Amino acid sequence: MKTYEILVNDDALTFSAAHFITFANGECEALHGHDFRVGVRVKGEVLPDGGYVLDFMQLHRAIREILRKLDHKILLPSENPHWILAVREKVPEEMASMQNWIAKVGNWLTQVNEYDHLPENDSKEEILERERELEHHLARELGLPPDPQEQRPLHSTDILETLQAEVEIRYLHRRWIFPEEDCEILPIENTTAERLAEYIALELCRKPLLTSPTLQEIEVRVEESTAMTGIFTTSLPINH
């Protein structure tokens with residue numbers, strides 16, 4: 001039986017990301033980044049009606065879809081046995097007092113346009129000006145970018161939304177907190193080049209393109225630098 005191979009490997013199959021890995025001796029790297037480069041090799045029979053293993057362009061697009069999820073992210077492994085990873089969906093306990101304070105201020109801001117009970121000496125313009133000043137002050141204190149064109153009141157839910165989405169990593173005496181939107185949490189044990197290669201390969205195998213019975217093997221290479229490349233190879237098809 002004849003078998004053939006195709007290889008997709010060009011400058012478009014790259015992603016920039018940060019990571020840090022743990023080692024068997026208990027050490028943990030500092031957070032750092034790479035411009036990763038990816039190559040994919042697929043082995044199989046040629047299709048009888050086309051004379052090719054896979055369409056190069058379809059495979060290329062499938063790889064790029066996966067890499068877009070990783071690009072400009074902090075890559076974190078959810079299965080690392082050496083650390084504790086937690087995604088905070090609620091405001092942490094130490095923020096409870098701020099939460100109460102924000103809620104009270106937010107309630108006042110949402111009601112500031114009800115002018116039936118304004119103090120006799122305060123005009124509507126003065127009330128609105130104080131509202132804008134307080135809104136900008138809250139934005140500065142909480143690290144929110146104020147929008148001078150935005151004239152709506154600042155609701156407490158707007159601020160709490162910025163406080164809820166974060167990822168915490170604890171490793172021995174060390175602790176990291178990242179915005180959740182900047183992270184990509186992967187179902188692997190470590191974000192080494194070879195485990196990233198495995199992740200990309202398994203994600204590719206979920207796509208209909210890679211389910212053909214004529215395919216026999218897939219290999220994914222993830223290059224951290226010209227001297228360091230991780231490789232993962234597996235037989236096809238894969239049963240998920």
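Of the 240 residues of the protein, 38% count as buried, where buried denotes a relative accessible area under 20%, exposed one over 50%, and partly exposed a value in between (1.4 Å probe, protein chains only). The model is predicted, so that local features require a pLDDT of at least 70 and side-chain atom pairs count only at pLDDT 80 or more, whereas totals for chains, interfaces and linings use all residues. Residues are numbered from 1 along each chain as its sequence is written, and side-chain values rest on heavy atoms, with hydrogens and water left out.

The secondary structure comprises 5 helices and 10 strands; these elements are DSSP runs numbered from the N terminus, with helices (H or I) of at least four residues and strands (E) of at least two. Among contacts with a separation of 6 or more, 66% involve residues 24 or more positions apart, a contact being defined by heavy atoms within 4.5 Å.

Helix 1 covers residues 56-70. An α-helix has 3.6 residues a turn, so residues three or four places apart point the same way.

At the start of helix 1, the backbone nitrogen of Met-57 has a side-chain oxygen of Asp-55 within 2.8 Å. Just after helix 1, His-72 adopts a positive phi of about 55°.

The whole structure contains 13 salt bridges, each defined as a side-chain nitrogen of Lys or Arg within 4 Å of a carboxyl oxygen of Asp or Glu. One of them joins the side chains of Glu-217 and Arg-41 (2.8 Å, N to O). Because Glu-217 lies in strand 9 (residues 215-225) and Arg-41 in strand 3, this pair ties together parts that are 176 residues apart in sequence. Glu-217 is partly exposed, with a relative accessible area of 22%, and Arg-41 is buried, with a value of 13%.

A salt bridge also links the side chains of Glu-65 and Lys-207 (3.0 Å, N to O). Glu-65 belongs to helix 1 and Lys-207 to the loop between helix 5 and strand 9, so the pair ties together parts that are 142 residues apart in sequence. Both partners are partly exposed: Glu-65 has a relative accessibility of 38% and Lys-207 a relative accessible area of 22%.

Glu-168 and Arg-175 form a further salt bridge, in which the closest N and O atoms are 2.5 Å apart. Here Glu-168 is buried at 7% relative accessible area, while Arg-175 is partly exposed at 41%.

The search of the whole structure returned 0 disulfides, the criterion being a pair of cysteine sulfur atoms within 2.5 Å. Cys-183 is buried at 8% relative accessibility, and Cys-205 is buried at 5% relative accessible area.

Two buried loop residues were examined in turn. Phe-20 is located in the loop between strand 2 and strand 3 and has a relative accessible area of 0%. Apart from residues up to four places away in sequence, Phe-20 touches Cys-28, Glu-29, Ala-30, Leu-31, His-32, Leu-76, Trp-83, Ile-169, Trp-176, Phe-178 and Thr-191. Phe-20 and Leu-76 are separated by 56 residues in sequence and by 8.0 Å in space, C-alpha to C-alpha.

Thr-191 lies in the loop between strand 8 and helix 5 and is likewise buried, with a relative accessible area of 0%. Neighbours within four places in sequence aside, Thr-191 is in contact with His-19, Phe-20, Ile-21, Leu-75, Leu-76, Pro-77 and Leu-196.

Note on methods. Expected span 1.5 Å × (residues − 1). Polar contact = N/O pair within 3.5 Å; in protein donor to acceptor, adjacent residues only side chain to side chain.
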